[in-house]
Structure formats: structure tokens, C-alpha cells
Amino acid sequence: MGVQGPRTSPTWIQLIILLCLCDWSAAQLSYSISEEVNKATVVGNLAKDLNLNVQELESRDLRIVSEYSQKYFDVNFRTGSLFVYERIDREQVCPDTVECSLKIQALLSNPINLHRIEVNVLDINDNAPAFIEASYIFNISESSLPGERYLLPIAVDADIGSNSVKSYKLSQNEYFSLDVQSGGESSVSAELVIQKALDRERQSVIKLTLTAVDGGKPSRSGTLQIVINVIDANDNTPTFSNSLYKARVNENAPFGTKVIQLNASDLDDGLNGKLIYSFIKRGKIDPLDLFSMNPGTGEITVKGHLDYEENAAYDIRIQAKDKGTPSRSVHGKMLIEVIDVNDNTPDIVMTSLMSPVKEDAEFGTVVALVTVNDKDGGNNGLTNCKIVGSVPFKLKSNYKNYYSLIVDGDIDRERASEYNVTIVATDEGTPPLSSTTVITVHVSDVNDNAPRFAGPIMNVYVKENSLVGATIYTITAVDPDVEENAKITYSSLDGGSKGIPITSVVNINSETGDIVILQSFNYEELNTFQFKVQATDAGVPPLSSNVTVNVFILDENDNSPGILSPYSEHGSVNSENIPYSAEAGYFVAKIRAVDSDSGYNALLSYHITEPKGNNLFRIGTSTGEIRTKRRMSDNDLKTHPLVVLVSDNGEPSLSATVSIDVVVVENTGDIQTPFRHVPVKEESFSDLNLYLLIAIASVSVIFLLSLISLIAVKCHRTDSDFSRYGAPMITTHPDGSWSYSKSTQQYDVCFSSDTLKSDVVVFPTPFPPVDAELISINGGDTYMTQTLPNKVRHVENNHFPYFI
């Protein structure tokens with residue numbers, strides 16, 4: 001039969017990882033084998049006894065584990081046999097015990113099964129009996145009568161049972177015989193018996209050989225030389241009152257505690273009848289190490305430390321000897337039973353630990369193997385084991401005092417990265433003793449958390465004309481996992497907003513989350529776009545989450561005002577005629593301009609930069625209307641060149657100029673301008689004022705209807721990411737203006753009162769507000785408010801500029 005050689009054992013951590021991956025069970029097998037057998041001797045067919053195919057042994061990684069320092073057994077994977085791996089010396093493994101068994105475990109993986117195996121080691125006769133002394137001397141009086149007995153030393157044999165000492169033999173002689181007494185399975189003693197009266201004058205010294213023979217096959221023996229000195233005199237032997245003395249004493253009894261009082265008598269008088277008590281040393285145990293005897297009274301007291309766990313009882317030989325010449329003695333037996341007290345705390349031993357344990361470990365996963373031992377006997381040695389505190393683990397009893405620490409709750413590394421499991425073992429003694437140990441179980445991370453953004457939507461603001469390659473925002477996601485499971489990469493999802501491929505507009509740094517623009521934006525062409533960013537961790541499998549990024553492009557003042565027809569910008573001269581008889585406030589001309597920017601960048605103001613002719617003219621800063629300040633005089637020039645500067649309110653401000661020559665004519669018939677109107681006093685109410693009021697009222701009604709329609713439409717829109725409107729509100733002001741506002745927008749409608757014509761100005765807010773401001777601008781009698789950012793466009797409708 002081929003025998004597989006020793007295999008390299010895995011480390012404990014690898015072994016316990018296998019234990020924790022699957023369920024396991026416990027069972028027990030029993031084998032017997034003789035000590036000192038050769039290596040590779042088959043103990044039993046483990047595969048057959050475990051109902052396993054031989055092919056499964058290696059695939060399931062069968063291991064033989066034990067708590068011994070030496071590896072006594074191993075398994076042959078080819079035959080499934082359990083064989084002896086190292087020499088077994090029963091006397092070394094189980095000294096001074098009757099029964100000897102080695103307890104090992106067979107561990108299978110996938111799934112894990114644990115089988116307890118008990119191998120009984122049978123004794124062989126490999127030790128010969130031996131006496132402690134090389135020789136033994138007896139002093140026996142010649143007056144000793146036949147039948148007197150003398151206790152002989154016993155031989156010691158390390159073997160047990162039938163291999164221990166079974167009989168004694170005495171060499172051939174005419175005076176003494178041997179009486180062999182059996183006191184049980186392991187107790188055989190011999191006494192020297194006088195067969196014939198001694199005659200000192202005939203033979204003063206008798207030498208005998210005592211042979212101890214064990215019961216082995218073949219038997220072994222040992223000898224002791226006995227020297228008998230034949231002495232004359234004392235002819236009465238002392239006697240004990242009891243053939244067997246029994247006593248009980250608690251272990252750990254204080255020194256000096258009385259154990260028993262011996263009593264012996266001698267019929268002789270004087271010194272021949274005065275007794276001296278003593279112990280007889282037999283074998284390896286010397287009673288004087290533990291007990292003290294008063295030689296005069298026979299009182300025995302405790303002298304040494306008694307430990308039930310070391311020895312539960314002491315079989316002691318005692319002697320009473322008189323002071324005669326020669327002295328006579330008697331020997332007796334005394335059995336001292338040691339009573340166990342609960343003086344040993346349970347010992348908690350962690351034989352293996354699987355750490356760390358994954359946070360998604362299933363219920364019942366084995367984390368550690370625990371053994372509890374108590375050296376005490378009876379109830380003092382029975383233990384109960386439990387876990388103290390609230391932890392997601394519990395102890396499962398496997399076999400007697402063997403336990404498994406298993407998972408019994410949900411484990412979340414993000415909540416607790418390690419657990420200190422406190423195990424308390426308590427015995428059933430009175431009072432009970434307990435011991436505590438703490439097992440630290442580390443929790444390893446699994447990828448069970450996806451990256452998280454601060455919110456589902458992020459708003460990013462960038463100025464138009466920003467440099468290509470500029471970082472406009474750093475997007476960040478957090479992952480409560482650790483290491484690779486928390487390593488996040490960022491990417492943009494396919495698609496774009498408003499038909500624009502997102503990869504042509506922005507780039508996202510996969511590691512830092514920096515959003516870099518790939519082109520310069522023009523607010524007048526594109527004011528907002530949207531894309532999605534995905535954050536993905538490096539776990540297995542990877543987890544991800546998305547966030548929608550809204551990019552709002554902020555307007556820059558990059559467009560100058562443009563002068564509208566019929567006037568040309570600076571570089572050409574425009575001409576207007578007024579009559580000499582024009583009154584103060586006479587309408588000369590109206591300059592109209594537009595700015596393609598938005599908000600303040602498109603809010604225009606008008607100024608005369610080169611006023612001549614004694615300040616005869618003024619211009620409305622917000623309306624662009626040029627009027628006379630006073631009546632003409634003879635000292636005034638006939639031609640008045642004016643340069644009108646149109647400026648926006650951006651930072652920095654941009655402007656445009658237009659040149660107008662105002663010519664004073666004598667007759668009104670010379671004025672060809674179709675838009676010229678006869679000046680009227682502002683306090684008079686003419687038909688023109690009535691027409692203007694009707695026109696204003698019409699425009700106002702139309703505007704209100706438009707606002708109401710807009711509110712109704714937008715309140716029912718749900719498909720746009722930018723549709724976040726609150727309840728609209730329209731407010732009228734004492735100056736005749738209206739304000740229309742919502743949660744994200746505000747429209748202000750204002751009228752100019754410095755002319756017979758009126759301007760309607762509306763400022764909406766299309767973006768989520770960055771910084772909301774309320775601005776008041778006084779241009780003549782015109783009052784305007786707006787909330788930034790906004791967009792302004794000019795639409796010419798007759799003489800009413802309409803800002804949207």
C-alpha cells in the first residue's frame with residue numbers, strides 16, 4: 001500500500017478562511033492503535049468511515065488538525081487511509097494514566113465539515129519493572145515466629161494493564177517465602193513471610209533476590225537485592241487498630257491541618273513497647289513532601305500543597321515501630337482522599353481566528369474556534385460560555401466544551417470597522433468562578449455603497465468668452481467605502497443638450513472631477529446647456545450614480561450699442577429742422593439704439609456730449625428724446641451741432657455716438673420731417689394725449705393678457721428641467737407701472753412720463769438667480785426695477801421700445 005508523505009500544512013488563517021466560507025458540522029470517529037508502531041501504519045480508512053469518495057479528499061482539501069505540538073497523524077489522499085505520521089510513545093503522551101487517547105479533527109472544505117476523531121493508544125510491553133532502590137535491608141530478630149510478614153518494596157512499571165507488574169518471585173531459600181497480594185488492576189504488592197525460625201548463630205545474614213515480573217507477552221522483569229540481618233531480642237510485634245485508615249482533606253488546606261490520628265499498640269514493656277510512627281516511602285511519591293507525622297502520637301497533618309487536579313487521592317503506607325532491640329514494627333495502609341474545591345477558573349483558548357470577516361458575511365459564518373477548559377472536577381469543572389454585550393455574533397456549541405463563534409447579525413463596516421467580542425466562561429462551582437477574554441474581529445470592506453453626489457442637480461455658472469481649457473467647476477462625489485471600493489472616477493454620459501455633443505463642449509477629468517471647457521461661449525448664441533456626469537467606484541462589481549449638471553452662461557459686456565435708423569452712427573452728420581418759434585419742450589428728434597447684450601449690459605442711457613448754443617437742448621437719458629429747454633432768442637445760433645453719446649451700463653461701459661445738426665428755420669413750412677409735432681404744454685390735455693393714453697391702455701391690456709397666457713402655459717409644463725415656477729403675482733405701482741413676478745423670474749413694466757409717448761420696459765430672469773438685486777434707475781421721470789441676471793432685447797413698435 002502506498003503511503004503519501006507529509007504535506008505542508010496551510011497557515012491557520014488560510015484554514016479558518018475555509019471554515020468561514022461554508023457551513024460545517026461535527027461528528028466523531030474512534031480508532032485504536034498500539035504505541036510505538038512504525039510510521040505510515042494505517043489507523044483506519046477515513047474516507048470509507050466518512051462516506052466520502054477518495055477523489056473528494058484532495059478536492060475538498062482534507063486537513064488533520066489538533067491541539068498537540070506534534071503531528072501524529074495524516075491522511076493518504078490516494079487510499080483515504082488515516083496513517084501514523086510520527087512515533088507515538090504512550091508513556092510520554094499519557095503519563096500515569098490508565099486510558100490514553102489522542103483527540104484530533106478532520107477538516108473538510110467546500111463545504112466545511114469538522115469530524116472529531118478519537119484514537120485510543122494501546123499500551124505495549126516496552127518497559128521492564130524496576131525498583132527504586134538497588135538493595136533493601138531487613139533487620140529481623142531471631143525470635144521472630146514463622147508467619148511474620150515484612151512488606152517488600154514495590155517495583156515500578158511505566159506500562160499499564162496487563163503490561164504492568166503482575167507478580168513477584170523470590171529466590172530459592174529455606175527461611176522465607178513470598179506472599180503476593182493483588183489489590184486491583186494496577187496494585188500488586190509482595191510480603192516476605194518467615195517460613196522457618198531464624199537462627200542467628202547458624203546464619204546471621206541472608207541475601208535474597210526479589211524479581212518483579214509484568215504480564216506482557218513476552219514478559220519483562222526487574223530484580224532487587226534483599227539483605228536480611230538476623231538480630232536477636234524483641235519478640236512482640238506492634239499492631240494497628242485498623243487494617244486500613246481512611247481520611248478526607250480539602251485541597252489547598254492550610255499547613256498544619258489535621259488529617260487523621262493513628263493508633264497502634266505493643267504488648268512489650270519499656271522501650272520494646274514504646275512506638276515510633278513513620279511513613280514508608282514507596283515508588284515515586286514521598287508522603288513527607290505533603291504530610292507531616294508526629295512520631296510519638298501518630299497524628300498526621302498537612303505539610304505541603306494539596307491539589308486535586310494533580311492527584312485526587314494518596315495511597316500511603318504507614319509504620320509503627322517499637323524501641324526494642326531489635327525493634328519490631330508493623331505496617332499499615334492509609335488512603336487520603338483529596339476533596340476538590342473550586343479553585344480554578346475556566347481557561348478560554350481561541351484555537352483559530354478568521355479575521356478580517358467580510359461585512360456581507362452570511363449568518364452562520366464561522367469566525368473563530370473557542371475551547372473552554374476547567375481543571376476542577378465534578379460540577380466545579382462544568383462550564384457555561386456566553387457572549388457579553390450586543391454584537392452581531394453568537395457562540396455555537398460543537399462538542400462538550402468546544403464552541404464556534406459565528407455571525408448572527410448584519411455587519412456593516414461603515415458603521416463599525418471592528419468588534420471586540422467579550423466571551424465569559426463560568427463554572428458551576430460554589431461559589432462559581434469565571435474568566436473573560438476579548439476577541440477582536442476586524443471587518444473587511446465590500447463594495448456595497450455607490451458614490452453619492454450632494455444632490456441630483458448641480459448648477460454651474462460660467463462667463464461668456466472664458467478661455468478654452470479653463471476649469472469652471474470641480475464636481476465631487478463621496479463613497480463611504482475604503483480603498484479601491486472608494487476610488488472614484490468621473491465620466492460624462494453620451495448625449496448633449498440642445499443638439500450639442502457634450503464631448504465638444506466640456507471635458508471631465510476622470511480622477512479629479514474638474515470640468516474643463518473646450519470652447520469659448522457666446523451668450524448671444526448659447527446661454528445654457530445640460531449634461532450628465534457619472535461617478536463610478538473601482539469596486540467589484542463597480543457601483544455608480546449620476547448627477548445632472550446645468551451650465552448657465554453669464555453675459556459679458558462685449559457688444560456696443562447700435563444706433564437704429566433713421567440716424568447713422570458717428571462719422572456722418574444727420575440734420576433736423578426746428579422753427580424759430582418753438583416753445584420750451586419742443587420735440588426735436590428721438591435717438592433709438594439697441595444692445596445685443598443682456599441685463600445691465602443692455603441698459604442704455606443717452607447723453608449730449610457736445611452741447612452748444614447756450615444749452616438750448618436736452619435729451620432724455622432713458623428715452624433718447626431731444627427737446628428744447630427754452631424758447632429761441634436772437635442770440636442763438638442758426639445751426640446747432642449735437643453729438644449724442646449712447647452708453648450701456650456694463651463694466652466696463654461700451655458706447656456709440658451719433659451726430660445731429662439742428663437747423664433753426666423761420667417758417668414752419670420749411671420743416672419736412674413727417675414725424676415733427678407742434679409742441680404743447682405738458683399741463684394741457686390735447687387730442688394727442690388722449691390718443692397716447694388709449695394706446696398705452698391698449699398695450700397694457702395686451703401685455704396683461706400675454707402675461708396671463710404665459711403663466712397658464714408654464715404652470716402646466718412638467719417636462720423641462722428648468723421649469724420651477726411658483727405662483728405668479730402682478731402688482732401695480734402708484735406711478736402707473738406694473739410688476740409681474742414668480743419664484744424664479746420678475747418682470748417690471750415701467751412707463752416714461754417725460755414725454756407724451758410712453759416706453760414699456762420688461763426685465764425677465766431666465767436663470768436660477770445667482771445674486772438677486774433690486775435696482776432703481778431714475779432717468780427723467782422713468783422708474784425701472786430688475787432682478788439679475790436677465791436678458792434685454794429692444795423691439796421697435798411705433799414709438800414704444802419693448803424690452804424683453
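Predicted model: local features only at pLDDT ≥ 70, side-chain atom pairs only at ≥ 80, totals over all residues.
Good morning. I shall begin with the whole chain. The protein has 804 residues, and buried residues make up 45% of them. Its secondary structure consists of 5 helices and 61 strands. The accessible surface comes to about 40,100 Å², and carbon and sulfur atoms account for 50% of that area. As for contacts between residues at least 6 apart in sequence, 66% of them join residues at least 24 apart.

Let me turn to the interior. In soluble globular proteins, nonpolar side chains tend to be buried together. In this model, the largest nonpolar core has 28 residues, and the members that touch the most others are Leu 46, Phe 73, Leu 82 and Ile 117. Which elements each supply at least two residues of this core? They are strand E1 (26–34), helix H2 (46–49), strand E4 (73–76), strand E5 (81–84), strand E6 (101–108) and strand E7 (113–122). The most is given by E6, with 4 residues.

Once its neighbours within four places in sequence are set aside, the contacts of Leu 46 include Leu 29, Tyr 31, Leu 62, Ile 64 and Val 75. Leu 82 and Ile 117 are also among the residues that Leu 46 contacts.

I now come to the aromatic rings. A pair of such rings is described by the distance of the centres and the angle of the planes. The count here is 11 aromatic pairs. In one of them, Tyr 136 and Phe 138, the ring centres are 5.0 Å apart and the planes stand at 55 degrees, so the pair is tilted. Are these two residues buried or exposed? Tyr 136 has 27% relative accessibility and therefore counts as partly exposed, whereas Phe 138, at 8%, counts as buried. Another pair is formed by Phe 529 and Phe 531; its centres are 6.3 Å apart and its planes lie at 25 degrees, so this pair is stacked. Both Phe 529 and Phe 531 are buried. Returning to Tyr 136 and Phe 138, ring pairs link these two residues and Tyr 150 into a cluster. A ring may also face a charge: the charged end of Lys 71 sits over the ring of Tyr 85, 4.8 Å from the ring centre.

Next, the strand pairing around E23. Strand E23 (residues 299–302) pairs in the antiparallel sense with strand E19 (residues 258–261) over 3 bridges. Within that pairing, Lys 258 stands opposite Thr 301. Strand E22 (residues 291–293) also runs antiparallel to E23, and 3 bridges join the two. Here Met 293 has Ile 300 as its bridge partner. The hairpin of E22 and E23 has 5 residues between the strands, and in it Gly 298 takes a positive phi near 80 degrees.

Strand E32 (residues 418–427) and strand E33 (residues 434–444) pair in the antiparallel sense over 9 bridges, and Ala 425 has Ser 435 in E33 as its bridge partner.

Thank you for your attention.

Notes:
Residues numbered from 1 in each chain as written. Heavy atoms only, no water. Phe/Tyr/Trp six-rings, centres within 6.5 Å; stacked < 30°, edge-to-face > 60°. Buried < 20%, exposed > 50% of the residue type's maximum accessible area, 1.4 Å probe, protein only. Lys NZ or Arg CZ within 6 Å of the ring centre and 35° of its normal. Core = buried A, V, L, I, M, F, W, Y, C linked by side-chain atoms within 4.5 Å. Contact = heavy atoms within 4.5 Å. Pairing = 2+ DSSP bridges. Areas by Shrake-Rupley, 256 points an atom, 1.4 Å probe, with all protein chains shown as cover.
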